[in-house]
Every structure is written in C-alpha cells, then in structure tokens.
Amino acid sequence: AGGTEFGYVVVQPGASLWEVASEIDPSVDPRDLVAEIVRLNKLSDSGVQAGQPIAVPLRYADAPGVVPATELGI
C-alpha cells in the first residue's frame, strides 16, 4: 500500500482535526470522521501540527483542500 491511495490535507496553522473533518465533509458528524482520520494515519491522538500532511479517506479525494499524494511528494 503506497501513499497514493489517499488524498491528503495539509494542516493549516491553528487548525485541528475537527476543523479538517468539518471542512472536507460538513454533512457527517465530525467525531466519526476525526476517529477515522486518526486510525488511517495511525495517530496516537487527535493532535496535529501545522504543515503536517494528513491522509483522508479516498472518498474525499475531490473535497476542497484535498490534494493527491504525488502533489506533496509522498
């Protein structure tokens, strides 16, 4: 499995996974999407750093702010 299987969001300064989840899919409960992103990225918790590329489920590849791994050099 390579990084090209997912879309990525680059965390903006001051942003949280809650904000990332709310932006890519405002129609779902952010708690569910945050939990999925934490599992997908094998994060120890929901804390993220500015500039960190975060993989998001492939179904969000066309969501605003989501870029392919190749664009990030991953």
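**Helix packing and sheet layout**

The crossing of helix 1 and helix 2 is right-handed, meaning that the near helix is turned clockwise from the far one by less than a right angle. This is a predicted model, in which local features need pLDDT of at least 70, side-chain atom pairs count only at pLDDT 80 or more, and totals for chains, interfaces and linings use all residues. Residues are numbered from 1 along each chain as its sequence is written, and side-chain values use heavy atoms, leaving out hydrogens and water.

Helix 1 (residues 17–24) packs against helix 2 (residues 30–40) at an angle of about 110°, their axes lying 9 Å apart; axes are lines fitted to C-alpha atoms over the stretch in contact, with angles from 0 to 180 degrees between N-to-C directions. The two helices are therefore roughly perpendicular (65 to 115 degrees). Helix 1 contributes Leu-17, Trp-18, Ala-21, Ser-22 and Ile-24 to the contact, and helix 2 contributes Pro-30, Arg-31, Leu-33, Val-34, Ile-37 and Val-38 (heavy atoms within 4.5 Å).

Turning to the whole fold, the protein has 3 helices and 3 strands, assigned as DSSP runs (helices H or I, at least four residues; strands E, at least two) and numbered from the N terminus. Along the sequence they follow the pattern β-α-α-β-β-α.

The 3 strands form an open antiparallel sheet in the order 2-1-3, where pairing requires at least two DSSP bridges between two strands. Strand 2 (53–56) and strand 3 (67–68) stand at the edges with a single partner strand each, so one side of each has no neighbour in the sheet. Strand 1 (residues 7–10) pairs with strand 3 over 2 bridges, and Tyr-8 has Val-67 of strand 3 as its bridge partner.

Conventions
Parallel < 35°, antiparallel > 145°, perpendicular 65-115°, else oblique.
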